[in-house]
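Please read the following short report alongside the sequence and the 3D structure. It begins with a group of rings and then turns to the whole chain.

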Amino acid sequence: AAPGLLRALDGAESVTSKQTQFDGASVPELSMKWPFKASRKERSDISDYQGSLTLWLDAKGIPLVYQRTFHGKFCKFFLCMTIEETWSGKLQDIAGRLVAMSYSDETKQSGLGQDSDTRKTYTLTLDSTPADKAIK
């Protein structure tokens, strides 16, 4: 999970920090603008873009939860499409590794006479069986 999170942070700007509540505890919340990573040609087709990334950290500064939001309107000639996406995930430090315990992705698209709304959720469930007792 950490390499993907580091890639998402690349180019982030305008970081703000505040204390907020998460699972009954006061935790730091970092919010930042998330840049649109695209070629110059692709950027010329964007008429509206807003992106943000928010992280909630534990007392050690390790991310507990993240949420990325994206809103974009893309036009080519007279054809336009609007996309809104929200990605979120819960993370956990397990034996010194940052593990994604859950991930959800919600996408809304409209344009060209069509609308769609898709939501996907993935959850990791850990087996409590010790490795030396697992069937091989």
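Tyr 49, Phe 70 and Phe 74 form one aromatic cluster. Rings of Phe, Tyr and Trp (its six-membered ring) pair if their centres lie within 6.5 Å; planes under 30 degrees apart count as stacked, over 60 as edge-to-face and the rest as tilted. The model is predicted: local features need pLDDT of at least 70, side-chain atom pairs count only at pLDDT 80 or more, and totals for chains, interfaces and linings use all residues. Residues are numbered from 1 along each chain as its sequence is written, and side-chain values use heavy atoms, with hydrogens and water left out.

The whole structure holds four aromatic pairs. One of them joins Phe 70 and Phe 74, which are stacked with 6.3 Å centre to centre and 20° between the planes. The table gives the accessibility of these two residues, where buried means under 20% relative accessible area, exposed over 50%, and partly exposed in between (1.4 Å probe, protein chains only).

| Residue | Relative accessibility | Class |
|---|---|---|
| Phe 70 | 10% | buried |
| Phe 74 | 22% | partly exposed |

Of the 136 residues of the protein, 26% count as buried.

The protein has two helices and seven strands, in the order α-β-β-α-β-β-β-β-β along the sequence. Helices (H or I, at least four residues) and strands (E, at least two) are DSSP runs, numbered from the N terminus.

As for extent, the C-alpha atoms fill a box of roughly 60 × 40 × 30 Å, taken along the principal axes.
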